[in-house]
Amino acid sequence: MTVKTILDQKGRDVFTVGPDITVADAGIQLSRHKIGAIVVVDSADRICGILSERDIVRALAENGPAVLDNPVSSVMTSKVKVCNENHSVNELMEMMTKGRFRHLPVEIDGKIGGIVSIGDVVRMKIEQVEREAEEIKAYITS
C-alpha cells in the first residue's frame, strides 16, 4: 500500500491558500471545508508551509486574538515534512508518529500533488488487515 493508492481512492484535491491570507480567513477556510489543515503554497504551487488548527490555537494562546489579522506565514509550520507517491502506509505511520502531526502533503515534481491525513492512513491499514484476514480464512478453508 502506497500514497499513490490512497490518492487514487480518495482523490488528489487539496485546499490551499497563499502565504498572505490572514489567519482569520484561513480559519474560515478550514471550517468551510471541514478540514484540520490547509497547505500554504506560493504562486507556482510549491509548498511553503502548512497551517493546522493546532497552529492557530497555539498562536492565539501566545499572542491573543490580534494574531487573527496576521498573515498565515507568521504562524504556519514552514518546515513542512512531505511525502511522495511511493511512500508506504507504514512509512507514513512512522513519519506522522515521530513528527506528531496528522496531515502530510504529497509533493510531486516539487509541487503539491495531494494530502494524506492520519484518517486516510488508518483506513488503509484497516483495509489491509481485513484483506489479509480474509486471505488467511480462504487459505485455511481450501
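Select strand 4 and strand 5: they form a hairpin with two residues between them, and Asp109 in the turn has a positive phi of about 55 degrees. Helices (H or I, at least four residues) and strands (E, at least two) are DSSP runs, numbered from the N terminus. The model is predicted, so local features need pLDDT of at least 70 and side-chain atom pairs count only at pLDDT 80 or more, while totals for chains, interfaces and linings use all residues. Residues are numbered from 1 along each chain as its sequence is written, and side-chain values use heavy atoms, with hydrogens and water left out.

The pairing of strand 4 with strand 5 is antiparallel and runs over six bridges; two strands pair if DSSP finds at least two bridges between them. Pick Leu104 and look across to Val116 in strand 5, its bridge partner.

Is strand 5 largely enclosed or open? Six of its seven residues are buried, so strand 5 is largely enclosed by the rest of the structure. Buried means under 20% relative accessible area, exposed over 50%, and partly exposed in between (1.4 Å probe, protein chains only).

Next, select helix 1, residues 3-10. Its buried residues are Val3, Ile6 and Leu7. They lie on the same side of helix 1, because they cover an arc of only 95 degrees around the axis; the arc is that of the directions from the helix axis to the C-beta atoms. An α-helix has 3.6 residues a turn, so residues three or four places apart point the same way. The cover over the buried residues of helix 1 includes helix 4 (89-99), strand 4 (103-108), strand 5 (111-117) and helix 5 (118-141). Just after helix 1, click Gly11, which takes a positive phi of about 105 degrees.

Move to strand 3, residues 47-52, and select Ser52 there. Ser52 is buried, with a relative accessible area of 16%. Which residues does Ser52 touch, not counting residues up to four places away in sequence? They are Gly36 and Ala37, where contact means heavy atoms within 4.5 Å.

Finally, show the whole protein chain. It has five helices and five strands, in the order α-β-α-β-β-α-α-β-β-α along the sequence. Its C-alpha atoms fill a box of roughly 65 × 30 × 25 Å, taken along the principal axes. Of its 142 residues, 32% count as buried. Among contacts between residues at least 6 apart in sequence, 57% join residues at least 24 apart.
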